[in-house]
Amino acid sequence: MEVPNVQEVTPSLSLSLSLSLLNLQCQLSVQISQIIEKQVLTVAKAVEDKIDDEITALDRLDLDDIEALRERRLRQMKKMAEKRSRWMALGHGDYSEIHAEKDFFSVVKASDRVVCHFYRENWPCKVMDKHLSILAKQHIETRFVKINAEKSPFLAEKLKIVVLPTLALIKNAKVDDYVVGFDELGGKDDFSTEILEERLAKAQVIFLDGESSLKPSNSTAKTRSVRQSTKYNSDSE
């Protein structure tokens, strides 16, 4: 019996395997395309159903419903206008200084949310002043004030103020949190106002969204910065 030449059989076998693999890849490709198409159709159907439901709900609104929505919106706007008026009367919208320690207590009792900057006459505190002046105008829901720590020994000791600048974040007349120096703001004095804003929002002493905030909604606004510098001791002159 004649034995086939191995060199003659191997190319044929290799070609057969290649064709089989190619066929398998084609089948998998078709199956994947079918699965993707099915998923796309399912998502599209869900979106279409949701839109149909919303259109149906709008169609069911009669004039009485629309008038009720309008009245509710007007009540909300009136309530917010009254709030803003009360806030402005308390000094919200401005970054002001408390000149006497005793006045600190009346300020924090009058407003639900207060950011108080304990400062001294040095460059780091002036950097903080710049940012707080901006935020005070954007967030009228919160009172922004500052007090000279060196002239307020009782408060500085009571609130354990050591490093300057320090922000005391006060809610409902109680100190809830602190921002000490610039460590949480990047460790340098070139941090942006938005970085400080995010830190205050994290402590829930200001609101990033909502009618009470006057912050521009454009999130791509240019980042504000006060000064470029290297890392330093925040309490140095």
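A: C125 is buried, with a relative accessible area of 1%. Buried means under 20% relative accessible area, exposed means over 50%, and partly exposed lies in between (1.4 Å probe, protein chains only). C116 is buried as well, at 0%. The structure holds 0 disulfides; a disulfide is a pair of cysteine sulfur atoms within 2.5 Å.

A word on the numbers. This is a predicted model, where local features need pLDDT of at least 70, side-chain atom pairs count only at pLDDT 80 or more, and totals for chains, interfaces and linings use all residues. Residues are numbered from 1 along each chain as its sequence is written, and side-chain values use heavy atoms, leaving out hydrogens and water.

Now the rings. Rings of Phe, Tyr and Trp (its six-membered ring) pair if their centres lie within 6.5 Å; planes under 30 degrees apart are stacked, over 60 edge-to-face, and the rest tilted. There are 3 aromatic pairs in the structure. One of them joins F104 and F105 edge-to-face, 5.5 Å centre to centre, with 85° between the planes. F104 counts as buried because its relative accessibility is 6%. F105, at 31%, counts as partly exposed. Another edge-to-face pair is F182 and F191, at 5.0 Å centre to centre and 65° between the planes. Both F182 and F191 are buried. F104 and F105 also belong to one aromatic cluster with F118.

Next, the helices (DSSP runs of H or I, at least four residues; strands are runs of E, at least two; both are numbered from the N terminus). Helix 4 (residues 123-138) and helix 6 (residues 193-202) have axes that come within 10 Å and cross at roughly 65°. Axes are lines fitted to C-alpha atoms, for helices over the stretch in contact, and angles run from 0 to 180 degrees between N-to-C directions. Helix 4 supplies M128, H131, L132, I134, L135 and Q138 to the contact, and helix 6 supplies T193, L196, E197 and L200. Contact means heavy atoms within 4.5 Å.

Last, the backbone. Most residues other than glycine have a negative phi, and most peptide bonds are trans. L164 and P165 are joined by a cis peptide bond, with omega about 5°. P165 lies in the loop between helix 5 (153-158) and strand 4 (166-171). K160 lies in the loop between helix 5 and strand 4 too. Its phi is positive, near 55°. K160 is exposed, at 67% relative accessibility. Q204 also has a positive phi, of about 60°.
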